[in-house]
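Please keep the sequence and the structure in view while reading.

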Amino acid sequence: GLDALGRLPNVADVGTALARQHALPSRQPGEDDESAGMRYILTHVPGGYQPVGVDEVIAVAHQLGGVAVLAHPGRSKGIYAIPATESDLAAMAEAGLDGLEAFYPSHSEDQRAFYRDVAQRLGLLVTGGSDSHGPQQPLAQWPAKWCAAFLERMGV
């Protein structure tokens, strides 16, 4: 099913395809296909997933004149995506992280408040998004006053 994507598959696509086409031994009750497939890859395929380090991603963003923002820090997708803690975020800020997406559709009000507060304590920009992955999904819209710090950091 990966050929139908119309693009190169990423590791989450491979995990999803594995889970849809096979009974995976590590599948948890109620787990979605992506999470089940990623659990399998991470626990049964040594070296099957070798993500780039946070410090490398931040360095590339900065070298290209961009800012590094952690998207959906409260997202939970089983074994491979767990909500970021304050200590996680402090380590990323120390590595040069510029911002944090506090406003994300699946974040609870408590998570939004937590991530806004942590961002403020760590001197990070606060961003938000819609998680839009294409023209069929609307983009998030934010009041201009919320965007001022971000635009200033970008030199706009």
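What is the order of the strands in the open sheet of 3 strands? The order is β1-β2-β3, and the pairing is parallel. Two strands are said to pair if DSSP finds at least two bridges between them. Strands here are DSSP runs of E with at least two residues, helices are runs of H or I with at least four residues, and both are numbered from the N terminus. β1 and β3 are the edge strands, each pairing on one side only.

This is a predicted model, in which local features need pLDDT of at least 70 and side-chain atom pairs count only at pLDDT 80 or more, while totals for chains, interfaces and linings use all residues. Residues are numbered from 1 along each chain as its sequence is written, and side-chain values use heavy atoms, with hydrogens and water left out.

With β1, residues 69-70, β2 forms 2 bridges in the parallel sense; Val69 has Gly99 of β2 as its bridge partner. Towards β3, residues 125-128, β2 has 4 bridges, and these two strands also run parallel. Glu101 is bridged to Thr127 in β3, and Phe103 stands opposite Gly128.

The chain passes from β2 to β3 through helix α5, residues 109-122, in a right-handed β-α-β unit. Right-handed means that, with the strands pointing away from the viewer, the path from the first strand over the helix to the second runs clockwise.

Two packed helices are described by the angle between their axes and the distance between the axes. For α4, residues 86-94, and α5, the axes come within 11 Å and cross at roughly 35°. Axes are lines fitted to C-alpha atoms, for helices over the stretch in contact, and angles run from 0 to 180 degrees between N-to-C directions. On the α4 side the contact (heavy atoms within 4.5 Å) is made by Glu86, Leu89, Ala90 and Ala93, and on the α5 side by Phe114, Tyr115, Val118, Arg121 and Leu122.

Gly65 counts as exposed because its relative accessibility is 54%. Gly65 and Gly155 are 90 residues apart in sequence, and their C-alpha atoms are 9.8 Å apart in space.

Definitions and conventions. Buried < 20%, exposed > 50% of the residue type's maximum accessible area, 1.4 Å probe, protein only.
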